[in-house]
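Here's a quick tour of the charged side chains in this one and who pairs with whom. Have the structure open as you read.

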Amino acid sequence: MLHIFINSPFNVDINSLCNLINKEDDIIAIQDGVIISLKNNIFLRKIISFSKNLYVLKEDLDARGLVTKISKNFSIVNYSDFVNLTVKNKSQIRW
């Protein structure tokens with residue numbers, strides 16, 4: 001399953017998200033959701049304990065000036081990679 005993280009982690013029930021994630025699931029942070037990929041944020045430890053397949057959209061990082069502040073646990077991807085993740089994961093959920 002692909003979890004598309006659109007909203008700020010401060011506006012999402014992280015516990016519910018973590019209860020639905022399997023280790024094989026992919027998570028991509030886009031729009032305001034990119035905040036979850038910042039180094040040393042309060043949500044990072046929890047999210048990386050549930051999935052190792054963490055991605056963040058470069059274009060949204062660029063728009064917010066955050067490219068240099070991303071945790072090494074997240075892979076920075078472009079729109080083409082995002083499309084590939086949606087093709088790979090037939091089931092998707094937005095947060």
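## A buried aspartate

Let's start with Asp 60, which counts as buried because its relative accessibility is 11%, and the cut-off for buried is under 20%. Keep in mind that this is a predicted model. Asp 60 is found in helix 3, residues 58-64. Set aside the neighbours within four places in sequence, and Asp 60 is in contact with Ile 30, Gln 31 and Val 34.

What does Asp 60 pair up with? Its salt-bridge partner is Arg 64, with the closest N and O atoms 3.8 Å apart. Both residues sit in helix 3, 4 residues apart, or about one turn of the helix.

Arg 64 also meets Asp 32 in a salt bridge, at 3.2 Å from N to O. Asp 32 lies in the loop between strand 2 and helix 2 (44-50) while Arg 64 is in helix 3, so this pair ties together parts 32 residues apart in sequence. Put together, Asp 32, Asp 60 and Arg 64 are linked in a network of salt bridges.

## A link from strand to helix

How many salt bridges are there in total? The count comes to 4. One of them joins Asp 26 and Lys 88, whose closest N and O atoms are 2.9 Å apart. That pair links distant parts of the chain: Asp 26 is in strand 2 (residues 26-29) and Lys 88 in helix 4 (residues 79-88), 62 residues apart.

Buried or exposed? Asp 26 is buried, with a relative accessible area of 0%, whereas Lys 88 counts as exposed at 53%.

Conventions
Residues are numbered from 1 along each chain as its sequence is written. This is a predicted model: local features need pLDDT of at least 70, side-chain atom pairs count only at pLDDT 80 or more; totals for chains, interfaces and linings use all residues. Side-chain values use heavy atoms; hydrogens and water are left out. Helices (H or I, at least four residues) and strands (E, at least two) are DSSP runs, numbered from the N terminus. Buried means under 20% relative accessible area, exposed over 50%, partly exposed in between (1.4 Å probe, protein chains only). Contact means heavy atoms within 4.5 Å. A salt bridge is a side-chain nitrogen of Lys or Arg within 4 Å of a carboxyl oxygen of Asp or Glu.
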